[in-house]
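Here is a short walk through one protein model. Keep the sequence and the view at hand while reading.

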Amino acid sequence: MNRRALAGLAALALLVVGCASTRAVQVKPLTAAPTCLVSVPSRDLLVGVALSGGGRRAALFGMAGLEALAAIRTAEGASLLERVDFLSSVSGGSIAAAYYAAHKPPRAVPVLAPDGGLSEAYRAFFSQTTSALGQDFERDLIRRQLTSLRWLNPSLAAVSLLEVLKARLFGETTTADVARRQQRGDSPGLIVNMTLYNNGRRLAATNVPGDAFQYNFAADLQRSLERQGRTVPLPPDLARRAELLMPMTPMELGVDPCPAQLAGVVTASASFPPLVGPITFHPGGDVYWHAGDGGLYENQGIESLLFLFLRQLQAQRARRIVIIAFDSSFPFSVGNRRLSRQAQPFSLFTFDFSRVPSIMEERASTYQALFFRSLQLEGVFPDERSARVFLLRHIDAQWRPDLADLPASCRGETPPLATAGAVVERIAEIPTRLRVKSPCDRDLLATAAAKVIAQRRAEIGDFLALGPTASTTSP
């Protein structure tokens, strides 16, 4: 047999091995009430932080955003970072959120030093975190795909990603471990969002009971109409459709969340098709669930927090809520700019397949913003004295005209970053990958996070200083 035939047979063997070894992940079925559930605290102000999807770009921007939050003080004088009750994350942002929840210093360690800066322990933590999240996960994933004969199988690419995250970041940490930290007050609650392919709904991997998310939109809408003297019967289908927006939890799928490995939960959230995932898991019986990239449903990570918090307002377990969202989604405008310069018609090799979900995401995000803001103006949702969402985007950082604030690592770039506009464009075009190609991109994201917090610091501080209000669930 000649060498060409042998090479062909070897390639065929690799293809068969890579495609034949896919298996569903066996998860522990729910046979009793989970032992790791943690209730939502009852307090005047609930604080949530959302970290969007966007690969390692999102992980770095989100973690730098958490560090920047330390400088903002609450009405009681504490660092806002100490008052974060929940993190909600999607895809790449889940890498940062889960790492923070699993490894941040415990409650007894002060966030701030007497001079108002970060304490030594927190400076060391964020420095170490930058190194941990700065690793090239993509290279390791590809190496595992090739050496383990998994190279043509996206489901097995998810296995490789799980192994990388387990080895590099999370070890054997489980969701029960995170729950114990939350119960001690050592870390905020964690909500890792993914998308269920079966029914198109959001799956929130969390230790919070499922009913804590069940905000009754129809009830608040009815109360708002009654206050206006309007006796409009609600269509029966309205409540059912509103319920479909509520996130599902592992318990509703018959899965015990407690023994789940944190690396596996993050991998499911970050499994972006068709390159990685989705992940298929099987709690027993004849039902299989297929979960993947949380950004397919909603890429900002805000909605799970919003419904969780609105439910607490509705139950009068909180009086005010604030969500600070670090959104480093890939800007829709970048595709517009690139396509406007593309002379060739589309072909298999020139078609940007990511543009299809981007168009749908842009439309959905626009409707989402209009929907929530309109309902707030109509008095269905709490007014801005009781509920605020601060959206902080990496592309909104404002740079000095003389670029004196440009990171040192960016001063030798070719072509040079000569204007503030060029810096914004550079940040906008950092691709959605599991690696960041240069120290300049990494430092730009960290600086941008600090800038957007500084730009909105007074506005956030003003809301925090409002103190208790008379309004509760519905203004």
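Helices (H or I, at least four residues) and strands (E, at least two) are DSSP runs, numbered from the N terminus. The model is predicted, so local features need pLDDT of at least 70 and side-chain atom pairs count only at pLDDT 80 or more, while totals for chains, interfaces and linings use all residues. Residues are numbered from 1 along each chain as its sequence is written, and side-chain values use heavy atoms, with hydrogens and water left out.

Begin at Ser-52, in the loop between strand E2 (43-51) and helix H2 (55-69). Ser-52 counts as buried because its relative accessibility is 1%; buried means under 20% relative accessible area, exposed over 50%, and partly exposed in between (1.4 Å probe, protein chains only). Contact means heavy atoms within 4.5 Å. Leaving aside neighbours within four places in sequence, Ser-52 is in contact with residues including Ala-58, Val-90, Asn-299 and Asp-327.

Now turn to helix H6 (residues 154-170). At its start, a side-chain oxygen of Asn-153 comes to within 2.9 Å of the backbone nitrogen of Ser-155. Just after H6, Gly-171 has a positive phi of about 55°. Among the buried residues of H6 are Leu-156, Ala-158, Leu-161, Leu-165 and Phe-170.

H6 also meets helix H10 (residues 262-269). On the H6 side, the residues in this contact include Ala-158, Leu-161 and Leu-165; on the H10 side, they include Leu-262, Ala-263 and Val-266. By class, the contact of H6 with H10 has eight nonpolar, two polar and one charged residues (Ala, Val, Leu, Ile, Met, Phe, Trp, Tyr, Cys and Pro count as nonpolar, Asp, Glu, Lys and Arg as charged, and the others, Gly among them, as polar).

Terms used. Axes are lines fitted to C-alpha atoms, for helices over the stretch in contact, and angles run from 0 to 180 degrees between N-to-C directions. A polar contact is a pair of N or O atoms within 3.5 Å; within protein, one must be able to donate a hydrogen and the other to accept it, and residues adjacent in sequence count only if both atoms are side-chain atoms.
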